[in-house]
Amino acid sequence: MVCFCFLVDQTKKVKRSKPVAGSCSRCGGGASVADMITQTRFCYVPFYCKSWKAIMCTFCGAMLKSYT
Ligand SMILES: [Zn+2]
């Protein structure tokens with residue numbers, strides 16, 4: 001089953017985001033709260049989807065906090 005891991009991939013998508021109070025610890029840019037979707041695909045066919053929230057930096061894209 002060595003090849004199994006090559007057939008599975010995960011993609012993260014930002015569904016929507018809005019600015020929130022706070023700043024990035026890395027670059028000092030503005031933070032925003034984003035609705036994220038993690039999609040797991042097997043042989044390029046999506047079979048599992050999870051939505052979650054994260055606080056992200058709008059400038060450098062760093063993830064500051066995540067909620068599952
Ligand atoms: Zn940043």
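Visitor: Which residues are the protein donors of the zinc ion?
Guide: In this predicted model, the donors are the SG atoms of Cys 24, Cys 27, Cys 57 and Cys 60, lying 2.3 to 2.4 Å from the zinc ion.

Visitor: What is the arrangement of the four donor atoms?
Guide: Tetrahedral, because the angles they subtend around the zinc ion are 103 to 114°.

Visitor: How are the donor residues spaced in sequence?
Guide: The spacing is C-x2-C-x29-C-x2-C.

Visitor: Cys 24, buried or exposed?
Guide: Cys 24 is buried, because its relative accessible area is 5% and the cut-off for buried is under 20%.

Visitor: And what does Cys 27 count as?
Guide: Partly exposed, because its relative accessibility is 37%.

Visitor: Changing topic: how many disulfides does a search of the whole structure find?
Guide: The search finds zero. Cys 49, for one, is in no disulfide. The cysteine sulfur nearest to that of Cys 49 belongs to Cys 43 and is 17 Å away.

Visitor: What do those two count as for accessibility?
Guide: Cys 43 is partly exposed, at 36% relative accessibility. Cys 49 is also partly exposed, with a relative accessible area of 48%.

Visitor: Something else, then. Which residues make the nonpolar surface patch?
Guide: Leu 7, Phe 42, Phe 47 and Tyr 48 make the patch, which is about 410 Å².

Visitor: Where is Leu 7 found?
Guide: Leu 7 is in helix α1, which covers residues 4-7. With 36% relative accessibility, Leu 7 counts as partly exposed.

Terms used. Residues are numbered from 1 along each chain as its sequence is written. This is a predicted model: local features need pLDDT of at least 70, side-chain atom pairs count only at pLDDT 80 or more; totals for chains, interfaces and linings use all residues. Side-chain values use heavy atoms; hydrogens and water are left out. Donors are N, O and S atoms within 2.8 Å of the metal (3.2 Å for Na, K and Ca); water is not among the atoms, so sites may look incomplete. Four donors count as tetrahedral if all angles lie between 85 and 135 degrees; four count as square planar and six as octahedral if opposite donors are over 155 degrees apart and all others between 65 and 115; anything else is irregular. Buried means under 20% relative accessible area, exposed over 50%, partly exposed in between (1.4 Å probe, protein chains only). A disulfide is a pair of cysteine sulfur atoms within 2.5 Å. Patches are made of residues with over 30% relative accessible area and no salt bridge: like charges are joined within 9 Å, nonpolar side chains (Val, Leu, Ile, Met, Phe, Trp, Tyr) within 5 Å. Accessible areas come from the Shrake-Rupley method with a 1.4 Å probe; for residues, only the protein chains shown count as cover. A salt bridge is a side-chain nitrogen of Lys or Arg within 4 Å of a carboxyl oxygen of Asp or Glu. Helices (H or I, at least four residues) and strands (E, at least two) are DSSP runs, numbered from the N terminus.
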